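My notes follow in the order in which I looked.

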Amino acid sequence: MLKFYQNLSVITATFLVVMAALLMPAAAQKKGGTMVMIVQPEPPTLASYLSTSGPIGQVAAKVYDGLLEYDMDMQPQPSLAESWNLAADGKTLTFKLRKGVIFHDGKPLTSADVQFSIMKVAKVTHPRGPNTFRSVTAVETPDPYTVILKLDQAAPYMMMAFSGYETPILPKHIFANGDLRAHPNANKPIGSGPFKFTEWKKGAYIRLDKNENYWKKGQPYLDRIVARFISDPSTRTAALEKGEAHFAAMGAVPFNDAKRLSASKNVTITTRGHELISPVAELLLNTRRAPLNNVSVRKAIAYAIDRKFVIDNIWFGYGKPATGPMSSNFAPSGLYTDKVTQYQVSDGIARANKLLDEAGFKKKADGFRFELMHDSLPYGQEWTRFGEYIAQALGKIGIKVNIRQEDVARWLKRTYTDNDFDTTANYLYNLSDPVVGVHRAISAKAIKKGRVFSNGSGWSNKRVDELFDKATVEPDLAKRGEYYAEALKIAADNIPIIWTHEMNFPTAINKKFKDVIVSPLGVYSNFDRVYTE
Amino acid sequence: MKTFWQRFLTNPRVVCGLIWLGLVTILAIFAPLLAPSDPFAIVAEPFKTPFSEYVFGTDSLGRDMWAGLVHGARTSLLIALIATVSAVAFGTMVGGIAGYYGGFIDDILMRMTEFFQTIPSFIFAIVLVAILTPSATSIIIAIAIVSWPPIARIVRGEVLSVKGREFVQAAIIAGQSDSGILLKQVLPNTLSPLIVTGSLLVATAILVESALSFLGLGAPNLMSWGFMVGSGRSFLRDAWWLVAIPGVAILLTVLSINLVGEGLNDALNPRLRDL
């Protein structure tokens, strides 16, 4: 009997050794490799704490860590913070920092860096930070590994804003010296992330190399990430097809080429990794002007637009009809509702004509009721074609639409400063929480001349503002959901903006690369888990 | 000695050019009859191949390519003609005055002409259209502004050579006014080089208009060939006809105008006569 156990233990030991031998190379195989990602366009800077322009975050998020990460279920996960605790009243948030984390220059990361990054950076220079952290009155640092955020009122939405993309943790000993808005390290970033900044060859590429001292042992797996800039869409597609580039996201993949790419043997296409971005496309109506100040006219326009046509033929299937300013990505948290007035109906044209007739806008001899000017969004050919479609769709209900095409600077000024337009288009990111991404579309507070990507239609409603204020401080998700349900219903009934669709961006990934999109931030995450086969 | 028309119309290249131009002109004039629907109207599924239900297929939004082609002919020709006429009129005025009066006025006008000539013309046109915001008017203005200087120089040269001739001197002695002499005696003699240059200018104008539209600076509410090429460009690998059909139309038209222009030059140029 003893012998049997001896044999068993020998067999077991042998088995374990063999298993280990089998597993070892598998683990070792993960190491190494260079990923070429296409970043479009070239970022103007790498200061993700100064600008939220897309390409900046795609590169900088690999260099700067955040306190937290988020998994695909939108749940916070430890990163620089090993654990955290939100007090019952929602007014004290305590982070316990990981020990032994060092910046790329070899200095340790402590609570002082976090305090600096929130109070002096995020709250001051970040475009969205002052809003996100407006309730934070102080950051206390009782010891080098404890950070306590003091809030004057609960801010439940803040829990989703601690990623390295949204709130990067900067080394205080570097960035506290000199003017943060013009710091020499803006374009030579030093963080604690899995990749170190090495080189920026303007007009060509940015090179990031593996951080050998990263706090996640054995990670990152890749040796290098090269961010390349290729301005011509067809050349980008060709580079991905040939395997010269391995990754492209957020509009770097031309929508009309996504299908071709997905058929290519080198590339897979995914639409995941936008769950914390959630862009919603909108036809913006200037409600300050007649006849768009008339709700019947706005409803008629909403009925006249075929969202399915827009998604299928302009964005080549990448999208989903929207029901309001909020993306259905907030459905799991209970904040989203689609129980609002639906404008995507089969007899839309008839309803629209009826509404306009009843509102007193009769068709004249030339078949038109009135004219509108549509300013095409100067962000690429999809938006030009969207404008051309809008002109045709509204033509069907007797609204003559002329199109104007201006450059980005003039379009921004016309839309958000001068408010000198009839209709235009845009898309707003919903981001981590409606407080950050939805309120700005329709709240009265967001009607500010010169503030871009805010409430451009000029419409507001007292009750909606009240509900938004309540939802901002309410920690209970179910209650927040009720507030939003009412607000979204009012918005849909007044339809100051026609939310056409939730945009889905195709992300192209070379098949050799695994675990690329593992976060709802997608391309804006740190890629420490990416490996090659 | 052969007459002008004999020399002109027996040139086979001219005949080829004229046949195509005649065809395009017919398309342009009768566009509303040949394609009654709005060229921007979405009539069918996008990307229908040519020679199916629609003879030239449909584009990326499901617009009829045939309607685009005939209405585009109208826009492209009209813009090119108006721009050319404006450029020729302005250039002739500047060149005529400069050559006829000479001296200080000549200096000033010619330095101004050279100033415009030294600016790279296409980039200048892009800047002008971008500043004025794209529309038919701004495109015509831009093309005319970049096209008039060569006309002015040609006219000035011709005026200088004609000015000293006896019939002009006679007119001066007879007491005709300056404008009368310039319009009735001098300019008619500059006509032949003007016609040749002007006709070639139409071809350039069509190309400039197409290039502007291709770059997204076309008139957004007017269907033109350049607009069709520009909006079809990104689909070249999947739907070749979006670019090929208007592209071939532009190519043939510009080629035809050049052939006719060369033919005019051969027939009008006295040095080539009876060779």
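**Helix pair.** I looked up where α10(B) meets α12(B), with contact taken as heavy atoms within 4.5 Å. On the α10(B) side I listed Ser192(B), Ile195(B), Val196(B), Ser199(B), Leu200(B), Val202(B), Ala203(B), Ile206(B), Leu207(B) and Ser210(B). Among their counterparts in α12(B) are Ile250(B), Val254(B), Ile257(B), Gly261(B) and Leu268(B).

I then took the axes of α10 (residues 191-214) and α12 (residues 241-268) of chain B, which come within 8 Å and cross at roughly 170 degrees. Axes are lines fitted to C-alpha atoms, for helices over the stretch in contact, and angles run from 0 to 180 degrees between N-to-C directions. α10(B) and α12(B) are therefore roughly antiparallel (over 145 degrees). Helices (H or I, at least four residues) and strands (E, at least two) are DSSP runs, numbered from the N terminus.

**Basis.** I noted that this is a predicted model, where local features need pLDDT of at least 70, side-chain atom pairs count only at pLDDT 80 or more, and totals for chains, interfaces and linings use all residues. Residues are numbered from 1 along each chain as written, chains are lettered from A and ligands numbered from 1 in the order written, and side-chain values use heavy atoms, without hydrogens and water.

**Sheet.** In chain A I found an open sheet of four strands, antiparallel, in the order β4-β5-β7-β6; strands pair if DSSP finds at least two bridges between them. β4 (81-86) and β6 (136-143) of chain A each have a single partner strand, so one side of each lacks a neighbour in the sheet. The twist averages 20 degrees from one strand to the next. β5 (residues 92-97) and β7 (residues 146-151) of chain A pair over five bridges, and Thr92(A) stands opposite Lys150(A).

**Cavities.** I counted six cavities of 30 Å³ or more. On a 1 Å grid over the protein atoms alone, a cavity is a set of points where a 1.4 Å probe fits but cannot get out, and lining residues have an atom within 4 Å of a point. Grid points are joined across faces, edges and corners, and a volume is the space filled by probe spheres set on the points. The largest cavity holds about 190 Å³. Of its 22 lining residues, the closest to its centre are Glu69(A), Ser519(A), Tyr524(A), Ser525(A) and Asn526(A).

Conventions:
Angles under 35 degrees count as roughly parallel, over 145 as roughly antiparallel, 65 to 115 as roughly perpendicular and the rest as oblique. On a 1 Å grid over the protein atoms alone, a cavity is a set of points where a 1.4 Å probe fits but cannot get out, and a pocket is an open set with protein on both sides within 12 Å along at least five of seven lines; lining residues have an atom within 4 Å of a point.
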